[in-house]
Amino acid sequence: MFSKYTVFVKNVPIGGHNPVVIQSMTNTNTLDTEKTIKQIINLSNAGAEIVRVSVRTLDDIPSFKKICEISSIPIVADIHFDYKVAIESIKAGASKIRINPGNIGSLWKVKEVVKVAKDYNIPIRVGANSGSIKKEFEILNMPRFKALAESALEEVKVMEELEFNNIIISIKSTDAKENFLANKYISEKVPYPLHIGITEAGIYEDALILSSAGLGALLLNNIGDTIRISIAGDPIKEVLAAKKLLTLLGFKKGPRIIACPTCARTEINVEYLANKVKEWTKNIDEDINVAVMGCVVNGPGEAKHADIGIAGTKTGGAIFINGEIAETVLFEKLEETFKKYIKNLISERKKINTDS
Ligand code: SF4
């Protein structure tokens, strides 16, 4: 988002002042072309802008080639150990490759990969994660976040020495604080875009909370150019979570629903109405802030930044626009009237954005 360099993964710019890019990874067998393509389409429809696919051996290459040809979004090849797989993945149509120069082996092999990446003008993602901290840094007794960042910097140096700057760096830890400090450290040292994520963040709820805290802290410090929320299981959930996090933090357009926590003053079913608003604003890519507040005592005041809101009254609800009450409605008409106001607002926003 605020790295100095912009790197292009096919037609998707990463870094500079470009929006944070959402990515995920397939978990189908790469040899199963049809299934993998289907998953990529689903990920793209959910909001993924880039998808990573594991290319395990040369046997995966024919299927990977087909996947790259068919996919409408850029495909990143995820490679470990074998430089030949990296080279063949680039030739097969990868828009970016992810390698770990440390496990590719001798420098000449890395050189070969870089040479082909240069020829095909595709970026390489390098970096480190908490499981691949280099021993030389570990024994220096430096803080782990620094050892992690320095390990990634070593990989960056290898690329720079080969006069290759078309890189994206990724540093990931399972520890949110270590992850934050390591990414902050490296963001102050090099100008390349950063791919951020909490690695192996766990099952759904844990992954959501851990990633929101860890990645939220980075994003709010203007660190991070592309994001993956790692969740064990269906990768669609990763994309939806990343989209939600970026929208709620204001880095991506979309609806935001403000709802009070309810208390003894609550006059309406806040949770029910907030869920209705979620339904009415589904698939909207406009910035729309809607507030659902339990009472008029604090409602409009607390939600004055909302475009539109409703606050419960003894007889129904007060609909307010920009903090000012626009109409009061009885319980029977509450849901229907509120829906009408929201739909009108959505149409107005769409019209403004189409006209501008
Ligand atoms: S808006 Fe009203 S009902 Fe909701 S938490 Fe605040 S005081 Fe309670």
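**Exercise 1. Describe the salt bridge between Asp119 and Lys115, and state how exposed each partner is.**

Step 1. The closest N and O atoms of Asp119 and Lys115 are 3.9 Å apart. This falls under the definition of a salt bridge, a side-chain nitrogen of Lys or Arg within 4 Å of a carboxyl oxygen of Asp or Glu.

Step 2. Both residues belong to helix H5 (residues 107-120), where they are four residues apart, about one turn of the helix. Helices (H or I, at least four residues) and strands (E, at least two) are DSSP runs, numbered from the N terminus.

Step 3. Asp119 is exposed, at 56% relative accessible area, while Lys115 is partly exposed, at 48%. Buried means under 20% relative accessible area, exposed over 50%, and partly exposed in between (1.4 Å probe, protein chains only).

The model is predicted: local features need pLDDT of at least 70, side-chain atom pairs count only at pLDDT 80 or more, and totals for chains, interfaces and linings use all residues. Residues are numbered from 1 along each chain as its sequence is written, and side-chain values use heavy atoms, with hydrogens and water left out.

**Exercise 2. Find where the partners Lys157 and Glu154 lie, and state whether each is buried, partly exposed or exposed.**

Step 1. The side chains of Lys157 and Glu154 form a salt bridge, with 3.4 Å from N to O.

Step 2. Both are in helix H7 (residues 144-161), three residues apart, or about one helical turn.

Step 3. Lys157 is partly exposed at 38% relative accessible area, and Glu154 is partly exposed at 26%.

**Exercise 3. Work out which parts of the chain the pair Asp78 and Arg98 ties together.**

Step 1. The structure holds twelve salt bridges. In the one between Asp78 and Arg98, the closest N and O atoms are 2.8 Å apart.

Step 2. Asp78 lies in strand E5 (residues 75-78) and Arg98 in strand E6 (residues 96-98), so the pair ties together parts that are 20 residues apart in sequence.

Step 3. Both Asp78 and Arg98 are buried.

**Exercise 4. Identify the members of the largest nonpolar core that touch the most other members.**

Step 1. A nonpolar core is a set of buried Ala, Val, Leu, Ile, Met, Phe, Trp, Tyr and Cys residues joined through side-chain atoms within 4.5 Å.

Step 2. The largest core has 76 residues, and Ile97, Ile99, Ile124 and Ile227 touch the most other members. Helix H7 gives the most to this core, with seven residues.

Step 3. A second, separate core of 27 residues includes Val270, Ile308, Ala311 and Phe320.

**Exercise 5. Compare the residues around the ligand with the record's binding site.**

Step 1. The ligand is surrounded by Cys260, Pro261, Thr262, Cys263, Thr266, Gly294, Cys295, Asn298 and Glu302, where a residue is near if one of its heavy atoms lies within 4 Å.

Step 2. The unreviewed UniProt entry lists Cys260, Cys263, Cys295 and Glu302 under "binding site". They span 43 residues in sequence, yet no two of their C-alpha atoms are more than 14.2 Å apart, so they gather at one spot.

Step 3. Cys263 sits in the loop between strand E11 (255-259) and helix H11 (270-280) and is partly exposed, at 49% relative accessible area. Glu302 is in helix H12 (residues 299-302) and is exposed, at 53%.

Methods. UniProt positions renumbered as here; feature names shortened; annotations may be inferred.
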